[in-house]
Amino acid sequence: MSALVVHAVALDELPVLEPRAWRNWVKGELLQGSRPVMLWGRRVDAGVEVSVALQRADRGLDVLRTTVDPAHGYFALTEVALALHGCERELHETLGVRLTGHPWLKPLRHHGQTQAEMAAYPYYRLDGKCVHEVAVGPIHAGVIEPGSFRFQCSGELVHHLEIQLGYQHRGVEALLDRGDPRRAVPLVETIAGDASVAHAWATCAALERLAGVTLAPEVELARATLLELERVAMHLAGLAGLATDVGFVPGASTYGRLRTTAINTTMRLCGSRFGRGALHPGGVAITPDPAAVAAAVALLTAHGATADACFFGSRVVQHRLQGVGALTTAQAQQIGLVGPAARACGVALDQREGAGGAYAARPIAVTTEPSGDCWARARMRGRELTASLAWLADAAPALTAVPARQPPGQPVGALAPSHLVLALAESWRGEVVHALETDAAGRVVRHKVQDPSLRNWLGLALGMRDNEISDFPICNKSYDLSYCGNDL
Amino acid sequence: MWKLLQLRREQGRQAIPDLRAARPEGFRGLPVIATTPCADGCRACVDVCPTAAITAPPVRLDLGRCTLCGACAPACPTGKIAFTPEVAMAASRRDDLVVTEGPPRVPEVDIGAALRRRFGRSLKLRQVSAGGCNGCELELNALANVNFDIGRHGIEWVASPRHADALVVSGPITRTMADAVQLAWDAMAEPRFVIAVGACAISGGLYDGAPGVDRGFFDRQPPLIYVPGCPPHPLTIARALLAALARER
Ligand code: SF4
Ligand code: SF4
């Protein structure tokens, strides 16, 4: 069993229903306790194939497909599964599928448009004598990716926040769909460049399943080590950002320099501070250095504990973060939050739970926080960081030489023709989903990607309601979402 | 209180004493290409490269396209390509980013005497990400952290382009950001210049020819400093900035 959730199905065994039956099936499965994972489309001769992936309570995946005539479309699933609102907006925007009953059919990322055309975006507006609008973006005040935020406020109070993205749309899926085996992993490493390892692993796992390749345990362990180091580094970066935003300087500098230690450890192992170029289908390119990992983990654990005691123990920090930007468990489930943002709302969802491979011997316990506010998200990150460090301390000594590896850049082997594979990896931000489909000649003809950001941006917007506009920076930082992961 | 003091003690001095002398351990940096002849008709490195950064023979590697993924080194049957931990890779002339066969040559960063005189003691930077994946953005942010502490050299991030001397662009420039980048540039006072950070900004990198990309800005405003990498190491960026401002040449 792999460390990731991987599901493969031959296309001739994939159930294809007519749209109404397909929609009813999804409704039924959701009532049974399944969770929407992803919905995506692909243009074919007969129209557009729409696939939906659901995850059962036992973590297994189900995929079902329908074919629709884009002009005719179908009745939007968003109505029954709000979590799919982004996927259906994408389907409408990129493939022109008509969707009846979608409550918010606005552009998701402005495919093929220019900034001038984006200016016509139909923002939701409040009218009234006391209402005023605050526009932020696309360029923000710091060194950060672009996106537009539009607040409808009365005084300091935010009634509604709308997040308009698309400024980072480069067209990465169009490049991936070209199916060049050399470029798949380098490209996905930059989908959300701070979660390179998670995206790369999901793509590798999908390709390996298609090629029928199983990995040596040492390879899986090395990959998991890089993934957990990535989680540690980015949770530290997030806490440093939060500490900066609430003006807690010792936290900002300490978490910031600890992140340097974490990513320098990644660099010691693979040459890149972001783990770029380390994973490739069939292998991993690392120079194992168990002593360096152990030393870094010991330092991070010791100094991290002091920083946590200061940061989370500070009354100022508590006062600033508690009760701000809160969502309920029900809201989180309804909009389909994933990752630490979901766990901070009491939703125990983590693709590493019960995972095999590198996590089988050293399981990672899923923890949650109940309050769903900025404090809970900060606590989640602190706790996950500690858990990952404990995992790394345990795993580091086992980090031995990786057996003769597939040279990077080489195809992993012949891919199974006419297959669909889904792979889910738990990045520090939540699950990344990759779906690869091959044609009759075994070429990748569709490579669909979903970054957790697509799911979580709505959480930020909803959580801002009835909060003060001055709380926006800490709310935003507490989610720490990717703009280009959404925009693709 | 005691915890804060303990935190301060653990912190100690974190700043890298000399940014010009620091060598990151294990970093896959400046490639060197040996002069050993290629096997007949071999194109292994060219074929394996995801960004079309290599041409051969003779083997030439364009750091402006290269993501330092490392795939080409093991692909070469004669082991011609090797990566060193050298961080100094930035250049002011685009052509200088091309690594050729032979001993390593550190490219030169030169923004001209007039700009050097003006900004030598204080350089304010406004960063715009236009399709950057947050790799370059994180490394640019890291420049200001307690380890790299670029502020001690008078180099600082500013929030408004009005206050900026140089525009730091990361990402290939998306169609949907093309106007914003131009607006930021137009808002800056003279003298000013452009710094392109990362393979994406220099050449488009992995996104060269992607459907959502519009690189017109760089045609109108060629950068004065190109900082290669994907993302560049903060030391690569720091070395480039310090070399650009250095008085003694
Ligand atoms: S290291 Fe650079 S030149 Fe070599 S294969 Fe990777 S991108 Fe191409
Ligand atoms: S150069 Fe690399 S790290 Fe920088 S923005 Fe482009 S893909 Fe990301």
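Which residues point one way from strand 9 of chain B, and which the other way? Keep in mind as you look that this is a predicted model. On one side you'll find B:Phe193, B:Ile195 and B:Val197, while B:Val194 and B:Ala196 point the other way. In a regular strand, side chains alternate between the two faces of the sheet. Here the residues on both sides are buried, and that takes in five of the strand's five residues. Strand 9 of chain B also has a partner: strand 8 (residues 166-170) of chain B pairs with it in the parallel sense, over five bridges. To find one spot where they line up, look for B:Leu167, which stands opposite B:Val194.

Now step back along chain B to the loop between helix 6 (178-186) and strand 9 (193-197), where B:Pro191 sits. The peptide bond leading from B:Glu190 into B:Pro191 is cis, with omega near -10 degrees. Chain A has a cis bond to show you too: it joins A:Gly137 and A:Pro138, with omega about 5 degrees. That proline lies in the loop between strand 8 (131-136) and strand 9 (148-154) of chain A.

Let's stay in chain A and look at a hairpin. Strand 14 (residues 430-438) and strand 15 of chain A run antiparallel and are joined by six bridges. One pair to pick out is A:Val433 with its bridge partner A:Gln450 in strand 15. Five residues lie between the two strands, and in the turn A:Gly442 has a positive phi of about 80 degrees. How much of strand 15 (residues 444-450) of chain A is covered? Most of it: six of its seven residues are buried.

The side chain of A:Glu437 meets that of A:Arg65, with N to O at 2.7 Å. A:Glu437 is in strand 14 and A:Arg65 in strand 5 (residues 61-68) of chain A, so you're looking at a link between distant parts of the chain, 372 residues apart. Both A:Glu437 and A:Arg65 are buried.

Helix 2 (residues 85-95) of chain A gives you another mostly covered element, with eight of its eleven residues buried. Among the buried ones are A:His85, A:Cys87 and A:Glu90. The side chain of A:Glu90 meets A:Arg109 in a salt bridge (2.6 Å, N to O). A:Arg109 comes from the loop between strand 7 (99-100) and helix 3 (115-118) of chain A, 19 residues away from A:Glu90. After the helix comes A:Gly96, which has a positive phi near 65 degrees.

B:Glu101 pairs with B:Lys80, and their closest N and O atoms are 3.0 Å apart. Because B:Glu101 lies in the loop between strand 5 (98-99) and helix 4 (113-119) and B:Lys80 in the loop between helix 3 (72-75) and strand 4 (81-83) of chain B, the pair ties together parts 21 residues apart in sequence. B:Glu101 has a relative accessible area of 27%, so it counts as partly exposed, whereas B:Lys80, at 3%, counts as buried. Elsewhere, salt bridges that share partners build one network, including A:Glu228, A:Arg231 and A:Asp350.

Next, the ligands. Why is the site around ligand 2 shared between chains? Because residues from both A and B surround it. Among them are A:Thr190 and A:Arg276 from one chain, and B:Cys133, B:Cys200 and B:Pro231 from the other. Helix 5 and helix 7 (199-203) of chain B each give two or more residues to this shell. By class, the shell has six nonpolar, five polar and one charged residues. Around ligand 1 there are 13 residues, and the closest are B:Cys49, B:Cys66, B:Cys69, B:Gly70 and B:Cys72. That shell has ten nonpolar and three polar residues, but no charged ones.

Let's finish on the surface of chain B. B:Met1, B:Trp2 and B:Leu5 form a nonpolar patch there, with about 450 Å² of accessible area together. B:Met1 lies in the segment before helix 1 (2-11) of chain B. Is B:Met1 buried or exposed? Its relative accessible area is 73%, so B:Met1 is exposed.

Conventions
Residues are numbered from 1 along each chain as its sequence is written. Chains are lettered from A and ligands numbered from 1 in the order in which they are written. This is a predicted model: local features need pLDDT of at least 70, side-chain atom pairs count only at pLDDT 80 or more; totals for chains, interfaces and linings use all residues. Side-chain values use heavy atoms; hydrogens and water are left out. Patches are made of residues with over 30% relative accessible area and no salt bridge: like charges are joined within 9 Å, nonpolar side chains (Val, Leu, Ile, Met, Phe, Trp, Tyr) within 5 Å. Accessible areas come from the Shrake-Rupley method with a 1.4 Å probe; for residues, only the protein chains shown count as cover. A salt bridge is a side-chain nitrogen of Lys or Arg within 4 Å of a carboxyl oxygen of Asp or Glu. Helices (H or I, at least four residues) and strands (E, at least two) are DSSP runs, numbered from the N terminus. Buried means under 20% relative accessible area, exposed over 50%, partly exposed in between (1.4 Å probe, protein chains only). A residue is near a molecule or strand if one of its heavy atoms lies within 4 Å of it. Ala, Val, Leu, Ile, Met, Phe, Trp, Tyr, Cys and Pro count as nonpolar, Asp, Glu, Lys and Arg as charged, and the others, Gly among them, as polar. Two strands pair if DSSP finds at least two bridges between them.
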